[in-house]
Amino acid sequence: MKILTVNSGSSSLKFKVFSMCTDSLLVSGIVECIGQCDIGSFLIYKNLPKNLSKKETINATTHSQALEYVLKLFEDPEYGCLEHIDDLIAVGHRVVHGKDVYNSSILITKESLEILKSFIELAPLHQPANITGIEACMKILPDKPMVAVFDTAFHQTMPAEAFMYGVPYEYYTDYGIRRYGFHGTSHKYVAQRAAEILKKSFNDLNLITLHLGNGASITAIKNGKVIDTSMGFTPLEGIMMGTRSGDLDPAIVPFLMHKLNCDWETMDKLLNKKSGLLGLSGISNDMRDLVEKKNAGNDRAKIAYDVFIYKIVKYVGAYYAAINAKLDAIIFTAGIGENSIDVRRDICNRLKYFGVKLDNERNNVISNTPRLITANDSFIDVYVIPTDEELLMARDTFEIYKKINS
Ligand code: ADP
């Protein structure tokens, strides 16, 4: 009962193998620089139960070649995790966009693959790479069920009041201009973990989940359903991120295009790759660097940090109002949320009048297990819950595998 998960980027292929009998991770790795002939591709591979890892340059000019190499390694007597490749029962693929067509993971068929291709214009950088990974797997493992797990699916319960933009209605019907939301797998995973920890039925949960990584988004969950999320038509909207601007006055876009005499592609790159923490600080998109520089008295690092915190606090306030019911918890997750003691402290302290009472000792703990960071008498509980998107992908894939084999 082993499941392979694949997260395919334009020149990379991340993979994990899970044993579904024990819900445990057996192997994880990545092939980078696929197709970059001059330098070769680079494999990082870890077998967790055997505590073995390897790094090597391999010859993979396509995703198929990278995958063939990795699958052979799975059968390797020393490094492998399978006796035979047939021990894999199914493959789960991360797919960035399922539009409003898919509100859960699906079995990939020839027909659904064509539908996924029709969403490419909504995610032109990521969707084609995800499809390349699916097609490579279908070619090499033609008999294995393939499942698509969407970044957008969990958010599709949002009501129209949250997903519509104030633009002419025909742009929604003609071009699909609406909020879709992203990071859904992560928000869903931590919400499910929160239900277990709080011993509450998922359908009764009211949560605000803060996925704070290089990309970052906040989600409001009421009675187990997403009612709003900060990323929108694309992952550019919402709170400020590592290199993405997040929300801004839309009129800034044509104004700057005029000033800089640039086209929309340059503008798109400026807002996605050169803005956010990096653009404001002029130093780095990495929160560790910014905290260090801010604490050393660097003004630009301080501005970037303060804006980051303030925007998050504003969203939490707005989502508390949107939920309009007793919150069960606020959850921090992803690279910054799981690791930055400063960020968590500064956000929680600005939510004091909502009833968040931080316990500094609990917040200062460095650990990769879920934990409460507020005081026992805090009106709202705040937890750190490490995310595990691939485990959720594996579980969804296993559920679909069981359905088609029942
Ligand atoms: P993504 O998956 O979006 O690339 P991650 O969830 O891996 O991002 O988060 C990456 C970010 O986490 C880094 O940019 C870094 O700022 C932050 N991070 C990681 N470790 C720490 C830490 N110990 N303290 C503060 N920030 C950290």
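1. A cut-off to start with: a residue counts as buried under 20% relative accessible area, as exposed over 50%, and as partly exposed in between. Please keep in mind throughout that this is a predicted model.

2. With that scale, take I303, which sits in helix α11. Its relative accessibility is 44%, so I303 is classed as partly exposed.

3. T5 belongs to strand β1, which covers residues 2-8. Because its relative accessibility is 1%, T5 counts as buried. Leaving aside residues up to four places away in sequence, T5 is in contact with K14, F15, K16, F18, G92, E390, M393 and A394.

4. Now for a helix pair. Helix α10 (residues 287-295) and helix α11 (residues 299-323) have axes that come within 8 Å and cross at roughly 120°. The crossing of α10 past α11 is left-handed.

5. Which residues of α10 and α11 meet? On the α10 side they are M287, L290, V291, K293 and K294, and on the α11 side A301, K302, A304, Y305 and F308. Sorted by class, the contact of α10 with α11 has 7 nonpolar and 3 charged residues, with no polar ones.

6. The largest nonpolar core has 44 residues, and I208, L212 and I330 have the most contacts inside it. Two or more residues of this core come from each of β9 (207-212), β10 (216-222), α10, α11, β12 (329-333), α13 (341-349) and β14 (382-384). Helix α11 gives the largest share of this core, 12 residues. As general background, nonpolar side chains tend to be buried together in soluble globular proteins.

7. I330 deserves a look of its own in your viewer. Not counting residues up to four places away in sequence, I330 touches I208, L210, V316, L351, V356, I380, D381, V382 and Y383. There is also a second, separate core of 41 residues, with L26, I85, V95 and F150 among them.

Notes. Residues numbered from 1 in each chain as written. Predicted model: local features only at pLDDT ≥ 70, side-chain atom pairs only at ≥ 80, totals over all residues. Heavy atoms only, no water. Axes fitted to C-alpha atoms, helices over the stretch in contact; angles between N-to-C directions. Helix = DSSP H or I, 4+ residues; strand = E, 2+ residues; numbered from the N terminus. Left-handed = near helix turned anticlockwise from the far one by under 90°. Contact = heavy atoms within 4.5 Å. Nonpolar A, V, L, I, M, F, W, Y, C, P; charged D, E, K, R; others polar. Core = buried A, V, L, I, M, F, W, Y, C linked by side-chain atoms within 4.5 Å. Buried < 20%, exposed > 50% of the residue type's maximum accessible area, 1.4 Å probe, protein only.
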